[in-house]
Amino acid sequence: MDTVVDMAKAIKIQAKDVNVFYGEKQALNNVSIDIEDRSVTAFIGPSGCGKSTFLRCFNRMNDVIPSCRVEGSIMMGDVDVNSLQTDPVLLRARIGMVFQKPNPFPKTIFENVAYGPRIHGLAQSKTELDDMVEDSLKKAGLWGEVADRLADQATGLSGGQQQRLCIARAIAVGPDVLLMDEPCSALDPIATSVIEELISELQQRFTILIVTHSMQQAARVSQKTAYFHLGTLVEYGDTKDVFTLPKNEQTEAYISGKIG
Amino acid sequence: MSDFLSPNLVVFAMTIAAAFLSFYLATGRVRKQAIASQTKSHSLNQYYGFYVSLWVLVPAILLALMWMFAADPMLTSAAKARMVDAYPNLPESFLNLKMAQLVNIASGYIKAPDAVMAAQAELLRAAQASADRARSLTLAAVMCNGFFYAFRRVSPELRARVLCEAFLRRLFFLSAVVAILTTIGIVASLLFEAVRFFREISLFDFFFGTHWSPMTALRPGDAAAADEFVAGSTGSFGMVPVMAGTLLVAVIAMAVAVPIGLFSAIYTSEFASWRVRNIVKPTLEVLAGVPTVVYGFFAALTAAPFFRDLGLFVGLDVSSQSALAAGGVMGIMIIPFISSLSDDVITAVPQSLRDGAYGLGSTRGETIIRVVLPAAFPGLVGAFLLAISRAIGETMIVVMAAGVAANMTINPLESVTTVTVQIVMLLTGDNEFDSVKTLSAFALGMTLFVITLLLNVAALTASRRLGQRYE
């Protein structure tokens, strides 16, 4: 692991001076951050600190909330995610998202994974679609468990399986970046450890941003950690540094459990 | 005693006063006892008051109800027996008329025509007065009994709050039972009359016969058919054309209401801002408050002539009582029903599913068509089934705008009749309620009831499936 972290990595996303408002209330203040390619970056901090709001800026999910306004630039390559010219629908095909509660569609397992390729017209033939579904389920570590029951309702799967199905569904669209909003908060410890292992594997192919309430989880899965407090980015650095030698008092208080 | 203060009113007022008095006495007693024994009462003082009041009121109310059901028929039958003695040779139907007259004379609404009736009325009045006195005394006795029983039990240890709670539980249970029993009673009376009908006409002829003309005997110039009817032929009670007409009108209504209702529900639940939604939704629901007779006017005086003129314009022969006009207006009536139910169902689809779809790069339309509507599907089916059962049972619009003749057709431009129209036709006006003609209305009503019941059960099952899936 250490060798991976030590390697200098390319910057995948560059957020600069991001401000978010809900109506009059400001939820994020001038957040700037560089996200490394093919690594896991964890956003931690107490409830209401703006970490989920920030995560939702990366795929414009805040557009769904009528009173929400996002300022600043989030450059991914030469595309400004936050620009009005950028089509959020196309953007979300490049930046997948996994939510807090598993939210499979009330369709079959196959149809759930095939959903993205279908709406984006990614598969030319039925066999190609089958291959994509199989490939995505394999990457999400679910293929072995569901290979013989792809036609079953997805809602019949266990919580952990549902969440991995949601990851497979996101992967199937072929994104570069995966956003995960507390993906294990609704799961039991065993399902959580399965997902955490999966995240470590996926990190070789995707840039992953994960919001988590569990500091142990952040320490286990991420290479970079960003600590948020009251809408500001307080500290950002290599995970092992943030957890062992926090530079900021607030970060230290949070990590040692004094606040939270 | 003046007319205004009828004995019933006085008894009622006294009962209420007794309840208040016992409340006051009971709270006083428990307060004093608590002070005397230096203990804290189990319940708040008011619960002791309620407890004693209930013991005064509830037995009295039950007794009064029983009295109403038992004493009045007894008085009437005694009076009738006296009348039979007074008029030995009167046939039964005349006697019944005389009885009605007698009751009115005794109540003082009309004057007695002769001495015999006056004497009989005087006897009835005397019997009623003594029954009233007996009732008042019995009520007073029951209330005193209840009061002393409960009052003596009042002490700080009595768990009055628990007892009041138990009373409430029974009251609510009883209300539920009354609602269910009433339904069963209605169905039973319907069933009873329908069975009488089916003694005359075979089930097969009724459900599969294709000729419906219960009024045949009344139609002049159709002597052959009239003879057939008089001879007791079963040919004219086939419900197929009537049911076909009902279904045709319902299908037209649904063809109007489902698209408009569903699409407006999609608009209010998915696209409208809350401000627009707060205007559009109540406005749509105002449509549901329009009395159906007003829709009836609209169908008969505006929609039907409009369709007829439109038909003339394009060279089609449209009946002035076309199924199209009745069904179309009925569809407008059902729109708010469908839009409101569908809106609830669509809003119940969790936001997380929409987020999931957006997160995969779906547009709004794709999210609605591929995720939200399939998820809402069972609930939507439930809403539509409920709407169909409304359409089938709807009466006023079709009475005013649909035809009377039972044509067997699926052409919406022709006139058809419906089950509800036929029931209205059969049961209004002067009718003997035991002819096959009127009894057939009950058979139709029973059929209608069974169909709508099945539709409602199917609708409930469908909606419940949606509910289970999202906890």
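This is a predicted model: local features need pLDDT of at least 70, side-chain atom pairs count only at pLDDT 80 or more; totals for chains, interfaces and linings use all residues.
Chain A comprises 11 helices and 10 strands, read as DSSP runs numbered from the N terminus (helices H or I, at least four residues; strands E, at least two). The radius of gyration of chain A is 18 Å, close to the 18 Å from the globule rule for 260 residues, so the chain is as compact as a globular protein of that length; the radius is taken over C-alpha atoms, and the rule is 2.2 Å times the number of residues to the power 0.38. The C-alpha trace of chain A spans about 55 × 40 × 35 Å along its principal axes.

Of the 260 residues in chain A, 54% are buried, that is, under 20% relative accessible area (1.4 Å probe, protein chains only).

Turning to the partner chain, 25 residues of chain A are in contact with 21 residues of chain B. The two chains bury about 1,700 Å² between them, with carbon and sulfur atoms giving 64%; this is the accessible area (1.4 Å probe) lost on putting the two parts together, summed over both. A:Pro106, A:Tyr115 and A:Ile119 supply 31% of the area that chain A buries against chain B, more than any other three residues.

Residues are numbered from 1 along each chain as its sequence is written, and chains are lettered from A and ligands numbered from 1 in the order in which they are written. Local features need pLDDT of at least 70, side-chain atom pairs count only at pLDDT 80 or more, and totals for chains, interfaces and linings use all residues, while side-chain values use heavy atoms, with hydrogens and water left out.

Methods. Buried means under 20% relative accessible area, exposed over 50%, partly exposed in between (1.4 Å probe, protein chains only). Contact means heavy atoms within 4.5 Å.
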